[in-house]
Protein chains: 2
Amino acid sequence: MARRKNDPSFPASNTMLVLALLEGGDKYGYQIIRELECRSDRTFSMKEGTLYPILHGLEARGEVRSYEQASDAGRRRRYYQLTRQGVKTLARCRQEWAAFCKQFGKVVGGEACVLG
Amino acid sequence: MARRKNDPSFPASNTMLVLALLEGGDKYGYQIIRELECRSDRTFSMKEGTLYPILHGLEARGEVRSYEQASDAGRRRRYYQLTRQGVKTLARCRQEWAAFCKQFGKVVGGEACVLG
DNA sequence: TAAGAATACATCGAACTTCGAGGTATCGGG
DNA sequence: CCCGATACCTCGAAGTTCGATGTATTCTTA
């Protein structure tokens, strides 16, 4: 996920979202965008220019593998499937996300802190 | 904060952290970095190359104003203070962060969703 | 008292993420 | 027959952050 050490921001959240969606079963690109919209109550609307590079990157890094399978209607579809590596990465991302949330909330929440 | 509409990621979190820290009183750059480290249990370690451009940007956009004030030791310090605009921005950021968290958690948490 | 660590500011290029616009093609309905 | 939805893709522009580097001053410690 290319998160840099000690990076206070949480980038590549889109990549994590993709991994999480694939956990629920193999999916093709267009479907990922629709499902994300649905699962987030229309809050998240990932763009194709964002998604496809992410999928290609994940595949290049071995987090997912893909296969082509036409729909009933004969429409071309490329499905993506989590690899064991991808599952592990997702688990790590979840931990990192939880840690980030906790610390971020602590700072923006406004708890006091006495500096040495 | 330059967040783009419908952006599933939450960028510029560093900017939000800076605003939140300034809410606790005027602070100078180096102090912001130390306090952030402290308040986040050493999890966040903002780099100077990150912070100073952020502060300059916030000032240019009227979210903060600055003034110079030497320390007891005679060391040069530039303090930053939230403007009314900055306070409003921080409030908006908090709402956006809460909304993002909720939706992000919903997706990576794995709730089911039936697509139409 | 000299060296090095800490304080304090700043800028720059490289890397990464994301958008938005554009391109190609197929399928179904009006 | 056209248009909207489906389905894939690429490219350049914009924004964020790091890491390196630079400049000064003050404090600590050997």
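How much space lies in the largest pocket? In this predicted model, the largest pocket holds about 260 Å³. A pocket is an open set of points on a 1 Å grid over the protein atoms alone, where a 1.4 Å probe fits, with protein on both sides within 12 Å along at least five of seven lines. The volume is the space filled by probe spheres set on the points.

Residues are numbered from 1 along each chain as its sequence is written, and chains are lettered from A in the order in which they are written. Local features need pLDDT of at least 70, side-chain atom pairs count only at pLDDT 80 or more, while totals for chains, interfaces and linings use all residues, and side-chain values use heavy atoms.

**Pocket lining**

Lining residues, those with an atom within 4 Å of a point, are Y28(B), G29(B), Y30(B), Y52(B), E68(B), R75(B), R76(B), R77(B), R78(B) and Y80(B). Two elements of chain B, α2 (29-39) and β3 (78-82), each give two or more residues to this lining; helices (H or I, at least four residues) and strands (E, at least two) are DSSP runs. Four lining residues are nonpolar, one is polar and five are charged. In this classification Ala, Val, Leu, Ile, Met, Phe, Trp, Tyr, Cys and Pro count as nonpolar, Asp, Glu, Lys and Arg as charged, and the others as polar.

**Helix packing**

Axes are lines fitted to C-alpha atoms over the stretch in contact, with angles from 0 to 180 degrees between N-to-C directions.

| Helix pair | Axis separation | Angle |
|---|---|---|
| α2(A) and α3(A) | within 10 Å | roughly 125 degrees |
| α1(A) and α4(B) | within 8 Å | roughly 35 degrees |
| α1(A) and α4(A) | 10 Å | about 125 degrees |

The α1(A) helix contacts α4(B) (heavy atoms within 4.5 Å) through S13(A), M16(A), L17(A), A20(A) and L21(A), which meet F100(B), F104(B), V107(B) and V108(B). This contact has eight nonpolar residues, one polar and no charged.

Within chain A, α1(A) passes α4(A) in a left-handed crossing (near helix turned anticlockwise from the far one by less than a right angle; clockwise is right-handed). On α1(A), M16(A), L19(A), A20(A) and E23(A) take part, and on α4(A), G86(A), T89(A), L90(A), C93(A), R94(A) and W97(A). Six of these residues are nonpolar, two polar and two charged.

The crossing of α2(A) and α3(A) is right-handed. Here G29(A), Y30(A), I32(A) and I33(A) meet E48(A), L51(A), Y52(A) and L55(A), giving six nonpolar residues, one polar and one charged.
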